[in-house]
Amino acid sequence: TNIEALKRRGQVRSQLKDLSGAKKDLGEARKYLSDKGEKDADIEKEMGIFLYKEGKYNQSLEALRNAEMLSKKKALEEHKKEETLRFDADIFATRSHIYNALGMYMEAEESAKEALKLMPESRVALENLAKSMQAQQKYEKAENYILKSV
């Protein structure tokens, strides 16, 4: 479908670092689905990342929450637990990064720990957890998480 083509092209552009083109494609697909009263977890996740890069943190968190909710709903419908766990881990790790940027270190810590429950080897989650620990002056814990991430 046209939506799938826009979604794929947006994801490819994102990987090629063509962020404005990716955002345009994914935004168009998102708007089309929104007009029909629908949402897509992959599109919401990508849009959350773009909004974060633009400094629109609250909008980014909202998009990531939508992605998490949609992926869990999809997992229940399709029984694809493993795929959903990896997707949710990415969402929690990204959310942790955003909370750190907002200075919300306790929330960053919680999100990073959720990501690690789902994907214990997540380097991004470990790094975010180390940053939140350091900001909370828990230097020994921060050092341990940094060492685990390398």
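Predicted model: local features only at pLDDT ≥ 70, side-chain atom pairs only at ≥ 80, totals over all residues.
A residue counts as exposed when its relative accessible area is over 50%, as buried when that area is under 20%, and as partly exposed in between.

Gln 137 sits in the loop between H7 and H8, and its phi is positive, about 60 degrees, although the residue is not a glycine. The helix that Gln 137 follows is H7, whose 13 residues should span 18 Å at 1.5 Å a residue, and the distance of 18 Å between its end C-alpha atoms agrees with that expectation. Along H7, the buried residues are Ala 125, Leu 126, Asn 128, Leu 129, Ala 130, Ser 132 and Met 133.

In soluble globular proteins, nonpolar side chains tend to be buried together. In this model the largest nonpolar core has twelve residues, among them Phe 92, Ala 112, Leu 116, Leu 129, Met 133 and Tyr 145. Two or more residues of this core come from each of helix H5 (81-102), helix H6 (105-118), helix H7 (123-135) and helix H8 (139-149), and H7 gives the largest share, five residues.

Phe 92, a member of the largest core, touches Glu 68, Ser 111, Ala 112, Glu 114, Ala 115 and Leu 118, when residues up to four places away in sequence are not counted. Helix H6 has 14 residues and reaches 20 Å from its first C-alpha to its last, close to the 20 Å expected at 1.5 Å a residue.

**Two residues in H4 and H8**

Lys 72 lies in helix H4 (residues 57-78), and at 39% relative accessibility Lys 72 counts as partly exposed, because this value falls between the two cut-offs of 20% and 50%. Ser 149 has its place in helix H8, and Ser 149 counts as buried, since its relative accessibility of 11% is under 20%. Leaving out residues up to four places away in sequence, Ser 149 touches Arg 123, Leu 126 and Glu 127; one of these, Leu 126, belongs to the largest nonpolar core.

| Pair | Apart in sequence | C-alpha to C-alpha |
|---|---|---|
| Lys 72 and Val 150 | 78 residues | 30 Å |
| Ser 149 and Met 119 | 30 residues | 13 Å |

**The crossing of H1 and H3**

Helix H1 (residues 2-15) and helix H3 (residues 41-53) have axes that come within 11 Å and cross at roughly 35 degrees, and this crossing of H1 and H3 is left-handed. On the H1 side the contact is made by Lys 7, Gln 11 and Ser 14, and on the H3 side by Asp 42, Ile 43, Glu 46 and Phe 50. Sorted by class, the contact of H1 with H3 has two nonpolar, two polar and three charged residues.

How values were computed:
Residues numbered from 1 in each chain as written. Heavy atoms only, no water. Axes fitted to C-alpha atoms, helices over the stretch in contact; angles between N-to-C directions. Helix = DSSP H or I, 4+ residues; strand = E, 2+ residues; numbered from the N terminus. Left-handed = near helix turned anticlockwise from the far one by under 90°. Contact = heavy atoms within 4.5 Å. Nonpolar A, V, L, I, M, F, W, Y, C, P; charged D, E, K, R; others polar. Core = buried A, V, L, I, M, F, W, Y, C linked by side-chain atoms within 4.5 Å. Buried < 20%, exposed > 50% of the residue type's maximum accessible area, 1.4 Å probe, protein only. Expected span 1.5 Å × (residues − 1).
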